[in-house]
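Reader: Please take one part of this model and go through it closely. I would like the overall dimensions first, then the local detail.

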Amino acid sequence: MKAIVLHGPNDIRYESGFKDPEPAPGEVLLQMTYSSICQTDIEVWQRDPFGMFTRGRGPRIQGHEAGGIVAELGEGVSSLRVGDRVAVENVRTCGLCFFCRKGTASLCENGRNFGFTDDGGLAELAVWPASMCIKLPESVSNEEAPLSEPTSVAVHAVMQSGVHVGDHAAVIGCGVVGLATLQVLQAAGAQVIAIDTRSESLQIATDMGAVATLNPAETRVADQLPELTNGYGPDVVIETAGATGTALNAAEWTRPGGRAVIVGFGHEPQEIVLSRTVSGEKSIVGSSAANVGEYRKAVDLIASGKVNVKPLISEIVSLDRGIPDGFERMLKPTKDVFRILVGNGG
Ligand SMILES: [Zn+2]
Ligand SMILES: [Zn+2]
């Protein structure tokens, strides 16, 4: 089959002779429709931050944000039928380790990942457990399906925030995860302020229902937020930018007693004045990937129209053009896209 294969840091190739996968018991064979490329794919391609290749793994097909059509059932599969359209729940947790048994599967020690530890969706075919293929409702298109993954990251962040109906919330960073987070917060009953330096992103945030937008390049956000939120700042701030200083901004801008959730991972060390955070009884919470059940919530939110991912699809390119028109375009410093879908459709 044809596939986009990562052989090592900075070594990605389009190949036409990759061995077709076969479904093991409990798995299904998927004919892939589309996968979207995100910044994590670019990081893994360029720098191998998870140490996949230093641990002797690879070559590996990328594509962790993916959808497909069931083409064959492995032994014992009864939950799906050939022809079902599905989104791939990409984080495969063990259910047995200390953290899984505590109900915190996003911390699983034996986690596997479609497109990282295991071959992913940037191929004609893939295999994955049937229990982790979420059947798509009619109202979710093949194009929207891969965006369930960043939406699941947003669902987890919002669950971590403990937001309540009527709360004031702010989202730092209005890329794909940020704009999904904005909408999930709204679905949870919050009024959301969007913060970003890109005016196009803020325009989309407004279209999606943000009550206000702030551009740190043009205004002092720290002064503006209290004015927009009863005088004290947002109850919840969710940081999705991963830029230098933005995690600290989240902690600083949250009201006393509020909660800052950090989703984006920056590489620079950042220093915090702990006394200000502690005396303000603020919580700083990390959020990584998603917990069991949150991927399905993401699909449901897209299906119901509460989360609109259509404005986040910038480009659709065929599998054979995925490297030049997908990966290489995303690498450009002037990156002008949200998500690029790669695949041959369904
Ligand atoms: Zn991603
Ligand atoms: Zn586990």
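Author: Of the 346 residues in the protein chain, 47% are buried. The model is predicted, and the values below are computed from it. Along the principal axes, the C-alpha atoms of the protein chain fill a box of roughly 60 × 40 × 40 Å. A compact globule with 346 residues would have a radius of gyration near 20 Å, and the protein chain agrees with this because its own value is 20 Å. Among contacts with a separation of 6 or more, 69% are between residues 24 or more positions apart. The secondary structure of the protein chain consists of 10 helices and 18 strands.

One part to examine is helix α3, which covers residues 148–161. Its 14 residues, at 1.5 Å a residue, should span 20 Å, and the end C-alpha atoms are 20 Å apart, so the two values agree. Helix α3 is mostly covered, with 13 of its 14 residues buried. Just after α3 comes glycine 162, where phi is positive, at about 60°.

The other part is a pair of strands. Strand β15 takes in residues 259–262 and strand β16 residues 283–286; they pair in the parallel sense, over 4 bridges. Between the two strands the chain passes through helix α8, residues 274–279, and this β-α-β crossover is right-handed. Within the pairing, alanine 260 has isoleucine 284 of β16 as its bridge partner. As a general point, side chains in a regular strand alternate between the two faces of the sheet.

Conventions. Residues are numbered from 1 along each chain as its sequence is written. Chains are lettered from A and ligands numbered from 1 in the order in which they are written. This is a predicted model: local features need pLDDT of at least 70, side-chain atom pairs count only at pLDDT 80 or more; totals for chains, interfaces and linings use all residues. Two strands pair if DSSP finds at least two bridges between them. A crossover is right-handed if, with the strands pointing away from the viewer, the path from the first strand over the helix to the second runs clockwise. The expected span of a helix is 1.5 Å times one less than its number of residues. A residue is buried if 20 or more other C-beta atoms lie within 10 Å of its own, exposed if 12 or fewer, and partly exposed in between; C-beta atoms are placed from the backbone. The radius of gyration is taken over C-alpha atoms; the globule rule is 2.2 Å times the number of residues to the power 0.38. Two residues are in contact if their C-beta atoms, placed from the backbone, lie within 7 Å.
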